[in-house]
Amino acid sequence: MPLMLNRLQLAASIFRCNLIPKVIPVKFLHRTFVQHEEEELPNATIKVPPSKDRSQIISVKTSMKYLESNAYKQTYGNDPVWIQYRRNFKGHYLPRKTRKLCIRAGVVSTGSPCPICRDEYLILDYRNINLLKQFISVYDGRILHYNVTGLCQKSFKDLCVAIMKAKDYGILTYDVPFRYYNYLEWKN
């Protein structure tokens, strides 16, 4: 008897749900569902300033030529690209992580993009050794952390991939530290 009541209650709840009319709030209606006249819908595209447009694809060879040009030397001097960068953040302490990405849909979406995203001619690729060397520590050969360099997380991930790929291909050399042991300590 209890099983039969449970089945009847289940069937009644299914029918009850189907009988309730579903109302879609107006704020969730997409404009394609609503019939408008052509004159009411503006067909204007959003104007993007040329300094924030990143939809143009730049080759790695162009980036490598840019790193050797006078324009690069005027902008950055002999310093790495991340030295002059200071990120705006709220409060006294640095955030734990930098922003996820600076470029959304081909447009720079922040007021202070990271050093790689702000300059459209800096391309992270395993062949662009002069750029990759700027993000490697001179003392121990490690990749500098994004809290030091100010890179966004997407650029930092691309940087790590490019450095590892360059090391695998043998384009970027690195020295394995050699330890000298005093074997006299183990001698009887």
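**View 1. Residue classes in the lining of the largest pocket.** The lining holds 10 nonpolar, three polar and five charged residues, where Ala, Val, Leu, Ile, Met, Phe, Trp, Tyr, Cys and Pro count as nonpolar, Asp, Glu, Lys and Arg as charged, and the others, Gly among them, as polar. The model is predicted, so local features need pLDDT of at least 70 and side-chain atom pairs count only at pLDDT 80 or more, while totals for chains, interfaces and linings use all residues. Residues are numbered from 1 along each chain as its sequence is written, and side-chain values use heavy atoms, with hydrogens and water left out.

**View 2. Helices around the largest pocket.** Helix H7 (153–169) and helix H4 (115–118) are the elements that give two or more residues to the lining, and H7 gives the most, with three residues; helices here are DSSP runs (H or I, at least four residues), numbered from the N terminus.

**View 3. The tilted pair of Tyr66 and Tyr121.** Six aromatic pairs are found in the whole structure, a pair being rings of Phe, Tyr and Trp (its six-membered ring) with centres within 6.5 Å, stacked if the planes are under 30 degrees apart, edge-to-face if over 60 and tilted otherwise. The ring centres of Tyr66 and Tyr121 lie 5.4 Å apart with planes at 35°, so this pair is tilted. Tyr66 counts as buried at 13% relative accessibility, whereas Tyr121 is partly exposed at 33% (buried is under 20% relative accessible area, exposed over 50%, partly exposed in between, with a 1.4 Å probe and protein chains only).

**View 4. The edge-to-face pair of Tyr126 and Tyr169.** These rings lie 5.1 Å centre to centre, with 65° between the planes.
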